[in-house]
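Morning, everyone. Let me put the model up, and then I'll walk you through it.

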Amino acid sequence: MSKRPFVIFGIFAAILAVVIPVYVFAGNGEEQAGGRAIPPDLDKGKMLFQINCGTCHTLYVAGTDGNFGPNLDLLLAPTGPPSPDSAASTIKSTKARVLSAINNGVDTTTTTGRMPQGILSGQQADQVAEFVANVAGRG
């Protein structure tokens with residue numbers, strides 16, 4: 001049996017092993033996770049969310065893919081047609097809901113787990129709640 005097909009296959013495999021990674025790493029990825037720019041005043045909330053909440057919760061704009069908690073883009077997505085008045089009231093009520101979950105925890109014994117209370121507090125909790133309320137379901 002000839003070795004030529006094996007040599008050609010080996011060369012082809014080696015080329016693919018080099019070309020594909022070079023193509024992937026040379027691509028221009030988006031600097032902003034989720035491809036959506038957020039206002040600078042929400043940056044601190046985004047960072048705090050990524051560090052403290054992203055392990056459990058999925059949130060597209062934060063670039064997190066949580067494993068335990070609900071997907072906040074689905075859970076907190078605005079409903080109905082957007083209008084300036086409804087957007088402000090939706091953000092305000094969503095912020096209150098998120099802040100309550102952070103401060104008091106959420107007992108989800110009927111599903112997969114529990115969110116403990118007090119992961120963040122004070123200004124940090126407020127910053128995360130403001131960030132989540134402004135971006136959840138809007139990616």
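Helices here are DSSP runs of H or I with at least four residues, strands are runs of E with at least two, and both are numbered from the N terminus. On that basis the chain has five helices and two strands. Read from the N terminus, the order is α-α-α-α-β-β-α.

Two ground rules. This is a predicted model, so local features need pLDDT of at least 70 and side-chain atom pairs pLDDT 80 or more, while totals for chains, interfaces and linings use all residues. Numbering starts from 1 along each chain as its sequence is written, and side-chain values use heavy atoms, with hydrogens and water left out.

Overall figures next. Buried means under 20% relative accessible area, exposed means over 50%, and partly exposed is in between, with a 1.4 Å probe and protein chains only. Of 139 residues, 25% are buried. A contact is heavy atoms within 4.5 Å. Take the contacts with a separation of 6 or more: 51% of them come from residues 24 or more positions apart.

Now the core. A nonpolar core is a set of buried Ala, Val, Leu, Ile, Met, Phe, Trp, Tyr and Cys residues, joined through side-chain atoms within 4.5 Å. The largest one has 20 residues. Phe49, Leu59, Val128, Phe131 and Val132 have the most contacts inside it. Helices α2 (43–52), α4 (84–104) and α5 (122–135) each supply at least two residues of this core. Helix α5 gives the most, six residues. Look at Val128. Beyond four places in sequence, its contacts include Leu48, Phe49 and Ile102.

How many aromatic pairs does the structure hold? One. Rings of Phe, Tyr and Trp (its six-membered ring) pair if their centres lie within 6.5 Å; planes under 30 degrees apart are stacked, over 60 edge-to-face, the rest tilted. Phe49 and Phe131 are tilted, at 6.1 Å centre to centre and 55° between the planes. Phe49 sits in α2 and Phe131 in α5, so the pair ties together parts 82 residues apart in sequence. Phe49 counts as buried because its relative accessibility is 1%. For Phe131, also buried, the value is 0%.

Last stop, Thr58, in the loop between α2 and α3 (72–75). Buried or exposed? Buried, because its relative accessibility is 16%. A polar contact is an N or O pair within 3.5 Å; within protein, one atom must be able to donate a hydrogen and the other to accept it, and residues adjacent in sequence count only if both atoms are side-chain atoms. The Thr58 side chain makes one with the side chain of Asp65, at 3.4 Å. That Thr58 side chain also reaches the backbone nitrogen of Gly66, at 3.1 Å.
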